[in-house]
Amino acid sequence: MTYETFFAEVKETLLKADASGITDHLAYQFNITGEAEGIFYVEVKDGEVYVEPYEYHDRDVIFTCSAKTLKKIAKGKLDPIVAVTLQKLKVDGNIDKALKLKSLLGGKKEA
């Protein structure tokens, strides 16, 4: 899988997230390792989700993991906290804001 293919899938999934209940500004950078290696960021601002394929310098948290791990987390098949425990996900930054990723991924907008 290429980075471009992976990013397109992740962006589609994340843009379906319901961020309307999140009042904090969240800025996450994802460093993808291994197959589909690359960097992208997710920003939650004013209840909207933005996903872009480049580094975000004013980020709250950096998540580092494989594309496979992130797909499992995004699909709800792997809890992010379990992923950290299993050392499949590395988290650097504001832990309180990092924990909000689970609520962001858990809520999907109705299509």
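**Gln29 and the terms that describe the chain**

Modeller: Leaving aside neighbours within four places in sequence, Gln29 is in contact with Ile39, Phe40, Tyr41, Glu55, Tyr56, Arg59, Val61, Ile62 and Phe63. Contact here means heavy atoms within 4.5 Å. This is a predicted model, in which local features need pLDDT of at least 70, side-chain atom pairs count only at pLDDT 80 or more, and totals for chains, interfaces and linings use all residues. Residues are numbered from 1 along each chain as its sequence is written, and side-chain values use heavy atoms, with hydrogens and water left out.

Biologist: Why is Gln29 called buried?

Modeller: Buried means under 20% relative accessible area, exposed over 50%, and partly exposed in between, with a 1.4 Å probe and protein chains only. Gln29 has a relative accessible area of 2%, so the residue is buried. Gln29 belongs to strand β1 (residues 26-33).

Biologist: Why is Thr23 called exposed?

Modeller: The relative accessible area of Thr23 is 74%, and the limit is over 50%, so Thr23 is exposed. Thr23 lies in the loop between α1 and β1.

Biologist: How do you know that the span of helix α1 agrees with its number of residues?

Modeller: Helices (H or I, at least four residues) and strands (E, at least two) are DSSP runs, numbered from the N terminus. The expected span is 1.5 Å times one less than the number of residues. For the 13 residues of α1 (residues 3-15) this gives 18 Å, and the end C-alpha atoms are 18 Å apart, which agrees.

Biologist: Which residues of α1 are buried?

Modeller: They are Tyr3, Phe6, Phe7, Val10 and Leu14. These residues cover an arc of only 95° around the axis, taken from the directions from the helix axis to the C-beta atoms, so they lie on the same side of α1.

Biologist: How many helices and strands does the protein chain have?

Modeller: There are four helices and five strands, in the order α-β-β-β-β-α-α-β-α along the sequence.
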